[in-house]
Amino acid sequence: MAESVRTLAYGSWPSPLDAALAAAHDGRPDDVGFVGDEVWWTAPRPAEGGRRTLVRRRPDGTEEPVLPAPWNVRSRVIEYGGRPWAARMTDAGPLLVFVHFTDQRLYVQEPGGGEPRPLTPVSPVGDGLRWAEPQLRPGRGEVWCVLEEFTGDGPTDVRRVPVAVPLDGSAADDRDAVRELTGDRHRFVTGPRLSPDGRRAAWLAWDHPRMPWDGTELIVAEIGPEGTLRDARTVAGGPEESIAQVEWAPDGSLLHASDRTGWWNLYRDGQPLCAREEEFGGPLWKLGQRWFAPLDSGLVAVLHGRGAAVLGILDPETGEVVDAAGPWTEFAATLDAHGERIAAVGASPRSSYEVVELDARTGRSRVIGAPHVDAVDPAYYPEPQVRTFTGPAGREIHARLHPPHHPGCRAPDGELPPYVVWAHGGPTSRSPLVLDLEIVYFTSRGIGVAEVDYGGSTGYGREYRNRLRGQWGVVDVEDCAAVALALADEGTADRERLGVRGGSAGGWTAAASLATTDVYACGTIVYPVLDLTGWGAGETHDFESRYLESLIGPYAEVPERYAERSPAEHADRITAPFLLLQGLDDVICPPVQCERFLARTAGRGVPHAYLAFEGEGHGFRRADTMVRALEAELSLYAQTFGLAPGGIPTLELTR
């Protein structure tokens, strides 16, 4: 006999998912690639200090880590990182090169195993030498990759260039032994892609103040006999054309994803392959992200969609796309191909990200690594809804709703649930519709979550993305508020129990929402941007140091706007309780921003808490940090909304 359903107030439903269980399943596989017939990828280890390990799947199906602790396979290039490893199979076993996060040196592990040895030196200048997108060229005895080299102590004292690193270790203590591949100079570059005949290379480049989703250049160069890139020329792109990825097809044609029509579509030698009003690319937040991969047959594996990225096979001759069969509704921007096999990382609203293989010949798809395992009974997962709301001036706002859900509980008649609006980071990003145990942590207790893809989000074309130009702190705040109020007006959410939450750029939106609206009863602000003047004047890293010129406007032209929009300048307007979470090692949104903000709220009687975590940067990776942060957030909502979740420490709010 089924258990009876209990009637309990929202927020007091007993959940089998505690913060420790949610933290243990945080993160996803990434950087997938073929090594011979094997598939390898990086994987998170929250319980091991938040490191990322490298995992291989052998042909017999066994899965094993390649590198034990404390090796941490992760690059800090542009701080968000880039592809950190490359390997190829030899008769004696795999030859592996990788970036170790702690010292950012490039290491090699020879066939047969043994302790990795360094290939690159540690620089005494600034934040040192960093590497990304390694490509093994054993015939030349080299690794080709991107070098990010600090030339001074400031965050913008940096240069980037494609280089060749000797595999014999002669550069381990000698920067001069690293060979620069080109004299062509741009502020930002991706790793060079070599043509099948080895005679040409292609890469992307851009310069301040552009971000890669604003405009990039596709550069092609000849590879000289001495192994340098010469006669570099721009063949596509520009200030208002974003090229997200470039690859050579096996027949020597050049493929790239460009948004010249307003949507990231695929082109072959400059000609469109599949003109659609949907995205076949995305924002290049990490070097080496891949939305497409050419196959030996001439077909192309693609990620495509509107507000989602599904895996399909494109026939360049007909423009037809056939999607992979399977439950996955969202794929991460990491793809690789070997023959007619495709490796990808997919998820769905009922499953977390897992490594998937698609055989283009048979159409068969299957999970081959990091298989999803239900941490709790899936009956506790929410049933998400894809919604479109109407915002100011009638503009569309895309959102995903995760209503409160518990198989054994219901709320009393007439009670409306509390809802928290989640603002994603970026802000040039979006919220994927996938199983997220942090969301389940709240919905299974009776707290709804609304993820808002506010104007400026990707996945909906360039026009939607450009809504945020000059309007950061306005459009994002308005769109989140419009969704929250619409939910209240339609009787989905309790108007008096609305919250807002976000991290990074989402933290900015959350703080700005508390400072400029009366919509929310409380807010959770995670490693945020809070002071534009400071953030744009050397308090952040080089990659985003000029980002505000498009989001706000050039400082020399609109200095008053920087102060007008900053939550730190209007901290006196905040009356709702808030929780501020910050990593002390964050160089993107540094702790000084939080400290400045708190100094301006001091003595005003607003209940708040500030939790700062040692050893954490921009994005929490350690299990103990995530547990503390989740429990503190739930306690904030319990105290503000009048909930009784039980089983969590009470967050001490000061005034």
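**Exercise 1.** With which residue does arginine 58 form a salt bridge, and how far apart are the closest N and O atoms?

Solution. The model is predicted, so local features need pLDDT of at least 70 and side-chain atom pairs count only at pLDDT 80 or more, while totals for chains, interfaces and linings use all residues. Residues are numbered from 1 along each chain as its sequence is written, and side-chain values use heavy atoms, with hydrogens and water left out. A salt bridge is a side-chain nitrogen of Lys or Arg within 4 Å of a carboxyl oxygen of Asp or Glu; arginine 58 forms one with glutamate 64, the closest N and O atoms being 3.0 Å apart.

**Exercise 2.** Find the strand order of the open sheet that contains E13, and state which strands stand at its edges.

Solution. Strands are DSSP runs (E, at least two residues) numbered from the N terminus, and two strands pair if DSSP finds at least two bridges between them. The order is E10-E11-E12-E13, with antiparallel pairing. Strands E10 (129–137) and E13 (179–180) stand at the edges, because each has a single partner strand. Two bridges join E12 (residues 158–166) to E13, and alanine 164 stands opposite arginine 179.

**Exercise 3.** Which parts does the salt bridge between glutamate 142 and arginine 179 tie together?

Solution. The closest N and O atoms of this pair are 2.9 Å apart. Glutamate 142 lies in strand E11 (residues 142–150) and arginine 179 in E13, so the bridge ties together parts that are 37 residues apart in sequence. Glutamate 142 is buried at 10%, whereas arginine 179 is partly exposed at 22%, where buried means under 20% relative accessible area, exposed over 50% and partly exposed in between (1.4 Å probe, protein chains only).

Terms used:
Helices (H or I, at least four residues) and strands (E, at least two) are DSSP runs, numbered from the N terminus.
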